[in-house]
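Dear colleague,

I am handing over the structure below, and after it I set out what was found when going through it. Please have it open beside this message as you read.

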Amino acid sequence: MAATTTGASTEWLSPPELMENLPSQQQVVLFASPGAGHLIPLVELARRLAMDHGFAVTLVMLTGMSDPANDAAVLSSLPSSVATAVLPAVSLDDLPPDVGFGTLMFELVRRSLPHLRALMDGASGRGPVTALVCDFFGTAALPLAAELGALGYVFFPNSFAMISIMRHIVEIHGDAAPGEYRDLPDPLPLPGGPLLRHADLPDGFRESEDPVYAYLVEEARRYGRADGFLVNSFEELEVAMADMFKRDAEDGAFPPVYPVGPFVRSSSGDEADESGCLEWLDRQPEGSVVYVSFGTGGALSVEQTAELAAGLEMSGHRFLWVVRMPSLDGNPCALGTIPGDKDDPLAWLPEGFVQRTSGRGLAVVAWAPQVRVLSHPATASFVSHCGWNSTLESVAAGVPMVAWPLYAEQKTNAAILTEVTGVALRPAARGHGQYGLVTREVIAAAVRELMEGEEGSAVRGRARELREASKRAWSPEGSSRRAMGEVAGKLKAALVNGNGSTA
């Protein structure tokens, strides 16, 4: 069944019936992959399309691989003019038990396409679906958009760098035989000069033998069918890459790429502060606290948790640490896992740590109101996993980062933040198993440098500059607002012209 949510009410309907409850307007369907990293920016995109440009927007989600409670919390901020639909569950039981997360995502999307088609077919009686916007994992839906006469756009919830990497995949496979897969060059040059080491490529991109690599090649080959790309970034954050894509679109070498970010969740005063961390921050001196969080899907090993605790203690600085359950097998990706009611992350901290750091440190369980924490005057820096949502929230607040990537594209983000934008320092991990160990001494040194050092001073200054740049991007004449207006204009023009192609 599909759930449609409008405002506070929720109804369960079959996909063909969904659109019957929407007003007869020009409709845009947003197709989200599971996970907060995908859903949060798409919710903000839905808000902009509905409130700023008058589209009837339906945000479509998949069943499985995400925490329904987390999804509901994100969706609660949507305006009443945006509907949401959850497609029926599909079976993945035939896949090997050790299949990777990326493969699961691509298969979940592919197998859900018949349900998406049924939903979009059901919209035809209430006015045209002008566009389908899928995200990074969902380009298998682009042919469906073309069949239904709708424009097809791809939304990147992350940086320009990810599109650049995907373009490289297409280029090196231009004359490849079916089933032939080639490794990306090492290092991989990106526009603007940085050389991306293989170790910093996203998960699944490093070896052509990786099972998910074949999906990535097919995904990238579909990019030529897109009418355009929307990127959750802004021009001043990735200047060289934004300029390159603009030139390529003008020359017809690649579909247009629109920087429409940063999409950052609004800071809601109604958001619960169950841990009391905001009250605790209110009692701390301005610019004195190191905020530590690894996102909703990040997990440190038991050993790394102990080293982080010792490093924060050694640094001598105040800290607010969002502690999640450790990974018992060392895998840093905890997406799709839901902690039990009796799990206590604080029980895994070193003995006496909480007592010894009482007064200058606060450890909270699993969650904090991050946007409000980062914008608080007491917060000075952020030890971050470099998920792109967290990155943009930090940039928007002018908070510099200690980059500590864990999985997915986070190592690529860390490379961009340290080598291109200059808003982060990155501590080195020692070779220790598959993921490396950041020792307590390195952690303490990185925190001190960012808070007190000369190199840290330059990073702090750059963070302040980009905070102002992010504000300008969505100002009345800002670059991102103009880009969003250009996209909306093309969607409206497509309806007038009676076709779903801007070519």
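Predicted model: local features only at pLDDT ≥ 70, side-chain atom pairs only at ≥ 80, totals over all residues.

Ala428 sits in the loop between β17 (424–425) and α14 (440–452). Leaving aside residues up to four places away in sequence, Ala428 touches Val438 and Val442. Ala428 is also 24 residues from Trp404 in sequence, while the C-alpha atoms of the two are 9.1 Å apart in space.

**The chain as a whole**

The protein chain has 16 helices and 17 strands, and of its 503 residues 55% are buried. Among contacts in the chain with a separation of 6 or more, 73% are accounted for by residues 24 or more positions apart. The chain exposes about 20,500 Å², of which carbon and sulfur atoms supply 51%.

**Helix α13**

Helix α13, which covers residues 410–419, is mostly covered, since 7 of its 10 residues are buried. Those buried residues are Gln410, Thr412, Asn413, Ala414, Ala415, Ile416 and Leu417. What covers them includes the helices α5, α7 (239–250) and α12 (388–397), together with the strands β9 (195–196), β16 (401–403) and β17.

**Backbone features to check**

Met65 has a phi near 70 degrees, a positive value in a residue other than glycine, and is placed in the loop between β4 (56–61) and α2 (68–75). Is Met65 buried or exposed? Its relative accessible area is 19%, and because buried means under 20%, Met65 falls in the buried class. Ala408, likewise not a glycine, has a positive phi of about 55 degrees and lies in the loop between β16 and α13, the helix described above. With a relative accessible area of 27%, Ala408 is partly exposed.

The other two concern peptide bonds. The bond from Asp186 to Pro187 is cis, with omega near 0 degrees, and Pro187 has its place in the loop between α5 and β8. The bond from Gly261 to Pro262 is cis as well, again with omega near 0 degrees, and Pro262 lies in the loop between β11 (257–259) and α8 (277–282).

Which residues form the negative surface patch? They are Asp183, Glu207, Glu209 and Asp210. Of these, Asp183 is found in the loop between α5 (160–172) and β8 (188–189), the loop that also holds Pro187. Asp183 has a relative accessible area of 37%; because this value lies between the 20% and 50% limits, the residue is classed as partly exposed.

With kind regards

Terms used:
Residues numbered from 1 in each chain as written. Heavy atoms only, no water. Patch = residues over 30% accessible without salt bridge, like charges linked within 9 Å, V, L, I, M, F, W, Y side chains within 5 Å. Areas by Shrake-Rupley, 256 points an atom, 1.4 Å probe, with all protein chains shown as cover. Salt bridge = Lys/Arg side-chain N within 4 Å of Asp/Glu carboxyl O. Lys, Arg positive; Asp, Glu negative; His and termini not counted. Charge placed at Lys NZ, Arg CZ, Asp CG, Glu CD. Helix = DSSP H or I, 4+ residues; strand = E, 2+ residues; numbered from the N terminus. Buried < 20%, exposed > 50% of the residue type's maximum accessible area, 1.4 Å probe, protein only. Contact = heavy atoms within 4.5 Å.
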